[in-house]
Amino acid sequence: MTERGTSPRTAPAWDLLTQHVADIGGTTLREFFAADGDRGTALAVEGSGLYLDYSKQRVTADTVDLLCQLADERGLRDYFAAMASGEHINVTENRAVLHVALRMPKGTALMVDGVDVVAQVHEVLDHMAAFADSVREGAWRGHTGKAIKNIVNIGIGGSDLGPVMAYEALKHYSRRDMTFRFVSNVDGTDFAEAVVDLDAEETLFVVSSKTFTTQETMTNAHSARSWALARLGSEDAVAKHFVAVSTNANAVASFGIDTANMFGFWDWVGGRYSMDSAIGLSTMLAVGPGNFHAMLAGFHEMDEHARTAPWRQNLPVLMGLLNVWNRNFLGTSSVAVLPYEQYLKRFPAYLQQLTMESNGKSVRLDGQLVDTETGAVFWGEPGTNGQHSFYQLIHQGTTVIPSDFLFFRTPLNPLPAADAPDHHDLLIANVIAQSAALAFGKTAEEVAAEGVAPEIVPAKVMPGNRPSNTVVAEVLDPRTLGRLVALYEHSVFTQGVIWGIDSFDQWGVELGKIMAKRVTPLLVDGTEVPGLDSSTIALAARYRG
């Protein structure tokens, strides 16, 4: 393995890529495609049930060769092996990074610090499945004897973004006679709206906090407790209407939750990598243990693909390397994630945390400041909605934004239309057309040939040469969702290894939380807090009136 945390500029391939981008920098996607009639299939790979077309990236076969050389020189294969073996690659927290163990099949052994972590994982999964079945089958009863019909997940960050994304993505497979809500924001409106039409006798809260001390989560949990007790009248009701995803048994018991209904996980599971752990309990309640295990199988399938496939056939590694190419050699700063599937409406928000909390770093593993750009901004919206919102900027704006398009060959809700293309044909026509329009644009000559008035021609020119990937799958089912999430997880890991940063800590999240705790007494009762700046003091005074 290369010495950890060094600058990627020390790799010979980095200098070669710098020269290479100068050699091909002026070549457009139009010219690339004109020179190679097979480009559309030559720069495409398939694996683990997904198809990746990266032919509309501004690369050649030589670019890919050099990027793969860079991966080798940065020791990427060794890093994958180190992660899978439980080595403490989260250096600043001295922790293993074993989200891959969360989806290893039962019976697989992985010993870490003398403990078989896969056996522990499946013990929790079995506990989750038994509980989910009891709730879904009506055996679990609330305090007054009524069956549970409403599930409210309380968490924040990975304890919310993963479960809500997975629930929305797999809603087609969920129990439609049950209601699922998700509360994360400490803004009281979030909780109030989540429970406004729910019957407390039929409502179960899943409180997700590893330490059971997360400020936003516990504030909402205590509000939920008060709401339930005001309607159910007895402290005994808490044990029937609350369960915990946590490791703090004392705090869970003090809250009133029976620790038999506490579902644990481990410090080697980062929040943004935890949706397939006990944090996914609300997802399992929605779709059932069978579908949840199918999702885990999809995760594991992509894990094995990422770990073993040659780089040129390795979907997540190629996506990660292409992001490095765009960020560091073509100078782009963001990536638009554009799923043409309404069920994936929360997928871009989920990826925001996965990518930006992981690789939004300016210090390397060796403690030195980075000397390259690192994580890009990830954002997006499902198609075709985004086409009538921000695509104008992607097509004609002055900032080049690479895009990831996603679509599925088979619709979950086919709606044929008489004498017109059906909904799904129209949807897929749009996604394919958009990637082509971004790549090739429209020249002034092409616009003028359409009879456009000369003074309007410049406004209608589309510069093109905007790079994109297109990821295609057969259908959005639980297994495919697992594959997609793992695809981006390993792409993020690839980028972090190239940049020499720790993709698994998140110290930048802490300072604002600490400051909020300091400021709170000033807001609540005017208690003077020493050391505050004049703006903070003035804003607090404005709030208090």
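The legends below describe close-up views of side-chain pairs and single residues in a predicted model. Residues are numbered from 1 along each chain as its sequence is written, and side-chain values use heavy atoms, with hydrogens and water left out. Because the model is predicted, local features need pLDDT of at least 70 and side-chain atom pairs count only at pLDDT 80 or more, whereas totals for chains, interfaces and linings use all residues.

**Figure 1. Salt bridge between Arg-307 and Glu-304 in helix H13.** Side chains of opposite charge can pair when their charged atoms come close. A salt bridge is defined here as a side-chain nitrogen of Lys or Arg within 4 Å of a carboxyl oxygen of Asp or Glu, and the structure holds 26 of them. In this view, N and O atoms of Arg-307 and Glu-304 meet at 2.7 Å. The two residues stand three places apart in helix H13 (residues 289-308), a separation of about one helical turn. Helices (H or I, at least four residues) and strands (E, at least two) are DSSP runs, numbered from the N terminus. Arg-307 is partly exposed at 35% relative accessible area, and Glu-304 is partly exposed at 29%. The term buried stands for under 20% relative accessible area, exposed for over 50%, and partly exposed for values in between (1.4 Å probe, protein chains only).

**Figure 2. Salt bridge between Lys-345 and Glu-168.** The closest N and O atoms of this pair are 3.9 Å apart. Lys-345 belongs to the loop between strand E10 (334-339) and helix H15 (347-359), while Glu-168 belongs to helix H7 (residues 158-169), so the pair ties together parts that are 177 residues apart in sequence. Lys-345 is partly exposed, with 39% relative accessibility, whereas Glu-168 is buried, with a relative accessible area of 14%.

**Figure 3. Further salt bridges: a pair and a network.** The side chains of Glu-93 and Arg-95 form a salt bridge with an N to O distance of 3.6 Å. Glu-93 has a relative accessible area of 21% and is partly exposed; Arg-95, at 27%, is partly exposed as well. Elsewhere, a network of salt bridges links Arg-9, Arg-364, Asp-366 and Asp-371.

**Figure 4. Tilted ring pair of Tyr-167 and Phe-182.** A pair of aromatic rings is described by the distance of the centres and the angle of the planes. Rings of Phe, Tyr and Trp (its six-membered ring) pair if their centres lie within 6.5 Å; planes under 30 degrees apart count as stacked, over 60 as edge-to-face and the rest as tilted. The whole structure contains 21 aromatic pairs. For Tyr-167 and Phe-182, the ring centres are 5.6 Å apart and the planes meet at 40°, so the pair is tilted. Tyr-167 is part of helix H7 and Phe-182 of strand E6 (residues 179-183), so the pair joins parts that are 15 residues apart in sequence. Both residues, Tyr-167 and Phe-182, are buried.

**Figure 5. Edge-to-face pair of Phe-242 and Phe-255 and the cluster around the pair.** The ring centres of Phe-242 and Phe-255 lie 5.5 Å apart with planes at 65°, so the pair is edge-to-face. Phe-242 lies in strand E8 (residues 242-245) and Phe-255 in helix H11 (residues 249-255), so parts 13 residues apart in sequence are tied together. Phe-242 is buried at 1% relative accessible area, and Phe-255 is buried at 4%. Arg-225 lies over the face of Phe-255, at 5.6 Å from the ring centre; a charge sits over a ring if NZ of Lys or CZ of Arg is within 6 Å of the ring centre and within 35 degrees of the ring normal.

Figure 6. The side chain of Thr-63 reaches the backbone nitrogen of Thr-60 at 2.9 Å. Apart from neighbours within four places in sequence, Thr-63 is in contact (heavy atoms within 4.5 Å) with Leu-17, His-20, Ile-24 and Trp-325. The C-alpha atoms of Thr-63 and His-20 are separated by 7.4 Å, although the residues are 43 apart along the chain.

Note on methods. A polar contact is a pair of N or O atoms within 3.5 Å; within protein, one must be able to donate a hydrogen and the other to accept it, and residues adjacent in sequence count only if both atoms are side-chain atoms.
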